[in-house]
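The sequence and structure come next.

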Amino acid sequence: MMTLLSLVLFVALAGALAFKGVSLKVWLGSWVVLWLVLTLSGAMAWWLAIITLIGAVAMVLALIPSVRQRWISQPFMRYLNKALPPMSATEREALEAGEPWWEAQLFAGKPQWNKLLSFNYTTLTEREQQFLDNEVETVCNMVNDWKIDFELMDLPEDVWRYLRENRFFAMLIDEDHGGLGFSAYAQSAVVTKLATHSGALATTVMVPNSLGPGELLLKYGTEAQKEKWLPGLVDGSEIPCFGLTGPEVGSDATALPDTGVVCKGEFNGEQVVGVRLNFSKRWITLAPVATVIGLAFKMSDPDGLIDPERRDYGITCALVPADTQGISIGRRHYPGSSFMNGPILGQDVFIPLDYLIGGIDKAGQGWRMLVECLSAGRGISLPALSTAASQKSYRAVTAYSRIRRQFRMPIGRFEGVQEALARIAGNSYLLESCRALTASAVDHLIPSVVTTIAKYHMTEMMRSVVNDSMDIMGGRAVQQGPRNPIALGYRVIPVAITVEGANILTRSLMIFGQGAIRCHPYLLKEMEAANSRDITAFDKLLSQHIGTAVNRAGRSLVLGLFGSRWLKAPVQGPTARYFQQIEQLSSALFIASDVAMATLGGSLKRREKLSARLGDTLSHLYLASSALKHYHSEGDGDKDELLHLDWGVQHSLAEAAKGLEGFIRNHPSKGVALLLRVLIFPRGNRYQPPSDKLGGKLAEKSISQSSFRERLTHLTFAPAEQSDPVNQLERAFGLCIKAEPAYERLLKALAKQQVSGATFIDRLQDAVAKQVLTQEEATLVEEYDNERFEALLTDDFDPAYLKGDFGVENTEQQLANTLTRQRVE
């Protein structure tokens with residue numbers, strides 16, 4: 001019995017020391033004291049005394065640098081060099097691009113919450129707010145999305161002109177060069193608002209302000225290049241595009257087959273040293289209307305004309321006028337939306353060296369340029385499009401769910417519909433939270449991983465929101481036409497899923513593949529020290545790494561056994577528990593990642609499903625923390641917002657734990673899997689998705705009018721045109737809230753046959769006569785029912801119109817006017 005007690009005391013001591021993260025000297029001192037006490041008291045069996053003494057001796061030896069380096073650090077350094085594959089130049093450039101930020105805190109296992117909670121969102125300047133309220137509103141009112149996508153297949157010319165004249169294509173170009181000089185947050189807000197009305201309009205504006213010549217010139221261009229090109233990009237006389245993707249290369253941009261060979265050629269009547277390009281690009285947005293083309297290609301100098309010592313330069317970027325001899329822009333692609341998109345072909349295109357972005361000094365640095373620009377762009381453009389789809393869907397579908405009735409009840413009160421409504425509401429909150437935090441982060445630095453997280457998960461959440469919206473609205477969303485608020489957005493979901501890194505590869509290769517090395521507090525530095533054979537530096541880093549790993553393992557085990565409620569949260573109140581749970585999963589992620597890299601080594605890159613699950617955990621911890629940041633910065637104390645927060649954070653915590661559980665279950669070593677399960681889920685996975693009860697409350701709140709509903713969807717454009725489908729739904733929704741008590745009484749009276757009449761108006765008059773309704777209530781009910789019915793109608797077309805004869809008058813309104821008025825169940 002005493003031996004068992006001794007064993008328990010040693011295990012408890014080890015757990016406490018690991019949890020506290022004390023130094024090895026404190027470990028040794030505490031261990032020896034306990035050993036002496038138990039040995040001298042005779043409470044410990046001889047075999048346990050010997051085992052624990054060996055542990056103490058091992059600690060003593062580990063404290064001697066020469067012994068530690070020889071027996072621990074050197075073997076591990078050899079293992080690391082052998083296990084991890086050599087890093088290519090492009091991989092190194094991708095890792096070194098940008099900076100780790102809050103994601104590194106989450107990955108390190110013990111997040112410092114003050115760094116998140118004290119982080120300031122970017123706020124719109126007065127000029128930015130005016131632009132959003134005036135220029136953006138104006139251009140949205142100039143656009144009819146149905147006509148653009150079905151009739152014109154392009155933006156109207158007056159819209160193109162307005163975009164040029166008001167510098168929509170120059171939001172990121174600073175004011176010193178004539179641009180608007182907007183923050184990333186402001187650009188995100190502009191694109192979001194545009195996208196709630198027209199995807200084609202938003203994409204057209206988005207591309208020149210995302211990965212494009214403007215950003216590349218500002219960051220890397222020579223002064224001469226800026227002076228030549230920026231004025232045209234600002235006033236819209238130059239329309240840019242950027243050619244990266246080709247028939248043989250997509251997400252693996254480093255495998256570019258497009259070539260640029262340094263040679264002598266004729267330019268403007270003179271023999272000069274330049275580059276002869278041969279390339280084939282496709283899916284290039286704005287290509288059909290572009291006047292200047294950014295190109296990525298692999299540059300070589302076989303004759304050493306630039307530098308006799310250098311032949312291969314690698315990926316390089318150039319800026320080339322679209323009318324350069326040898327360039328041909330093909331016919332348009334059609335990606336499901338009418339923004340300009342097409343292929344570009346170049347055969348024997350000769351350009352001078354000063355066309356290289358940044359000149360000769362930047363030759364071969366194209367991949368780093370692109371990765372840095374993509375990192376920023378992923379944090380602005382696609383999150384904005386995703387948030388726009390969710391905000392518009394939220395408004396349209398919640399209104400529809402309140403006014404659409406089946407079996408004499410609003411469909412928003414059926415549990416099956418409520419399940420989908422809860423997902424729409426919760427995901428919309430996560431999307432807006434992530435958009436605001438990530439765009440603000442881009443204003444302060446170039447986040448290396450969170451923008452990739454945002455790109456993948458926000459586009460996937462958007463897909464979930466729009467799919468749920470289609471399910472709820474059914475035929476109202478299926479039948480396309482100007483009355484349909486979401487069908488055009490549904491049609492172009494694959495565009496956001498595919499561009500700037502296809503989502504499958506983004507999840508399976510990029511998030512954890514980049515995050516594990518970039519966010520880890522020691523790994524990249526250890527790799528560099530091991531590669532340079534610097535045993536002193538490696539030994540120091542490894543010692544710190546082991547100490548941190550022991551601490552995180554101890555924290556994960558203790559928190560898994562006893563729960564995290566006794567952790568100190570950075571706030572008090574209903575959200576404190578979420579901070580504790582994120583911290584617990586953060587420690588679990590660190591130890592799981594360390595074990596993964598130690599046991600799988602370089603093969604982890606090939607085990608995409610395993611690395612994807614760890615990436616999911618990191619991603620959902622970021623999403624949950626972004627929601628908490630949003631709540632405490634924007635809506636602390638708002639009960640409606642708290643409902644949305646509860647659903648969003650509980651969903652993300654469950655998904656984060658699911659990622660860890662899936663990794664453990666599928667680890668190829670059963671022994672390692674058992675160890676991880678003991679360390680991470682000693683009592684099983686306690687994280688569950690939002691309950692039906694919470695989902696029901698959230699769904700009910702979403703179909704009610706509230707100030708929070710307006711705040712959450714604040715970037716949704718409200719057209720001046722009264723026939724706009726979102727306007728129609730909103731008007732009917734507003735009247736429903738007012739008229740519903742009287743409307744319900746009318747329905748009950750009709751069901752009991754207390755009221756009768758041949759037409760709807762007759763029934764209303766009979767209800768007034770029998771004092772079921774007052775005259776004022778009957779008038780309100782009639783007004784509501786007219787709006788309700790109008791909002792529920794779908795489009796129908798003359799066959800000639802569908803064949804392209806757009807001069808034919810649409811008969812939809814005539815049909816609506818002839819339909820029966822007997823519309824109440």
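## Basis

Helices (H or I, at least four residues) and strands (E, at least two) are DSSP runs, numbered from the N terminus. This is a predicted model: local features need pLDDT of at least 70, side-chain atom pairs count only at pLDDT 80 or more, and totals for chains, interfaces and linings use all residues. Residues are numbered from 1 along each chain as its sequence is written, and side-chain values use heavy atoms, with hydrogens and water left out.

## Positive phi in two loops

Most residues other than glycine have a negative phi. Leucine 286 has a positive one, near 75°. It sits in the loop between strand E3 (270-285) and strand E4 (292-300). Leucine 286 is buried, at 0% relative accessible area (buried is under 20%, exposed over 50%, with a 1.4 Å probe and protein chains only).

Arginine 533 also has a positive phi, about 60°, and is not a glycine. Its loop lies between helix H24 (523-531) and helix H25 (535-562). Arginine 533 is exposed, with 56% relative accessibility.

## Helix H12 against helix H17

Helix H12 (residues 184-195) packs on helix H17 (residues 381-403) at about 40°, with axes 8 Å apart. Axes are lines fitted to C-alpha atoms over the stretch in contact, and angles run from 0 to 180 degrees between N-to-C directions.

Ser188, Val191, Thr192 and Ala195 of H12 make the contact with Ser381, Ala384, Leu385, Thr387 and Ala388 of H17 (contact means heavy atoms within 4.5 Å).
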